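Work through the exercises below with the sequence and the model side by side. Try each task before reading its solution.

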Amino acid sequence: LTSSDFKIEAKVRNTGIKGVARGQYGRNLFFTEVLLSEKLNIGEEIVTLGSFEKMPVDLIIGKIKKIDKKEADFFQKALIEQLVDYQKLDYVFVLQ
């Protein structure tokens, strides 16, 4: 999820605010492309939007840990805290 190649349409679970979950440099995951007019809150869950045919809706990606909002920018972004440490997983079950 933290790969720079990773990006997926996502939303805030409770409010439906849309954006893109995007990996960065193999270390972090951000919720990006969120309009400045939208109100993000620390602790809110970010889930998949399910706009792709094979991606389920409301799959939990993580929670907002920090918000970066600058009035000079068009968009704000938020650091996503992943709820699972994927480095420690031994087995993965894939649904098709």
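Two strands count as paired if DSSP finds at least two bridges between them. The model used here is predicted.

**Exercise 1.** Give the order in which the strands close into a barrel.

Solution. In general, strands of a sheet pair through backbone hydrogen bonds, either parallel or antiparallel. In this model the barrel has 6 strands, in the order β1-β2-β3-β6-β5-β4, with antiparallel pairing. From one strand to the next, the twist averages 45 degrees.

**Exercise 2.** Is L36 buried or exposed? Locate it in the chain and list its contacts.

Solution. First, the location: L36 lies in the loop between β3 (28–35) and β4 (45–48). Next, the accessibility: L36 has a relative accessibility of 17%, and because buried means under 20%, L36 is buried. Last, the contacts: leaving out residues up to four places away in sequence, L36 touches K69, K70, E71, D73, F74, F75 and Q76.

**Exercise 3.** Find which ring lies under the charged end of K77, and state how many aromatic pairs the structure holds.

Solution. The charged end of K77 sits over the ring of F30, at 4.6 Å from the ring centre. As for aromatic pairs, the structure holds 0.

Note on methods: Residues are numbered from 1 along each chain as its sequence is written. This is a predicted model: local features need pLDDT of at least 70, side-chain atom pairs count only at pLDDT 80 or more; totals for chains, interfaces and linings use all residues. Side-chain values use heavy atoms; hydrogens and water are left out. Helices (H or I, at least four residues) and strands (E, at least two) are DSSP runs, numbered from the N terminus. Buried means under 20% relative accessible area, exposed over 50%, partly exposed in between (1.4 Å probe, protein chains only). Contact means heavy atoms within 4.5 Å. Axes are lines fitted to C-alpha atoms, for helices over the stretch in contact, and angles run from 0 to 180 degrees between N-to-C directions. Rings of Phe, Tyr and Trp (its six-membered ring) pair if their centres lie within 6.5 Å; planes under 30 degrees apart count as stacked, over 60 as edge-to-face and the rest as tilted. A charge sits over a ring if NZ of Lys or CZ of Arg is within 6 Å of the ring centre and within 35 degrees of the ring normal.
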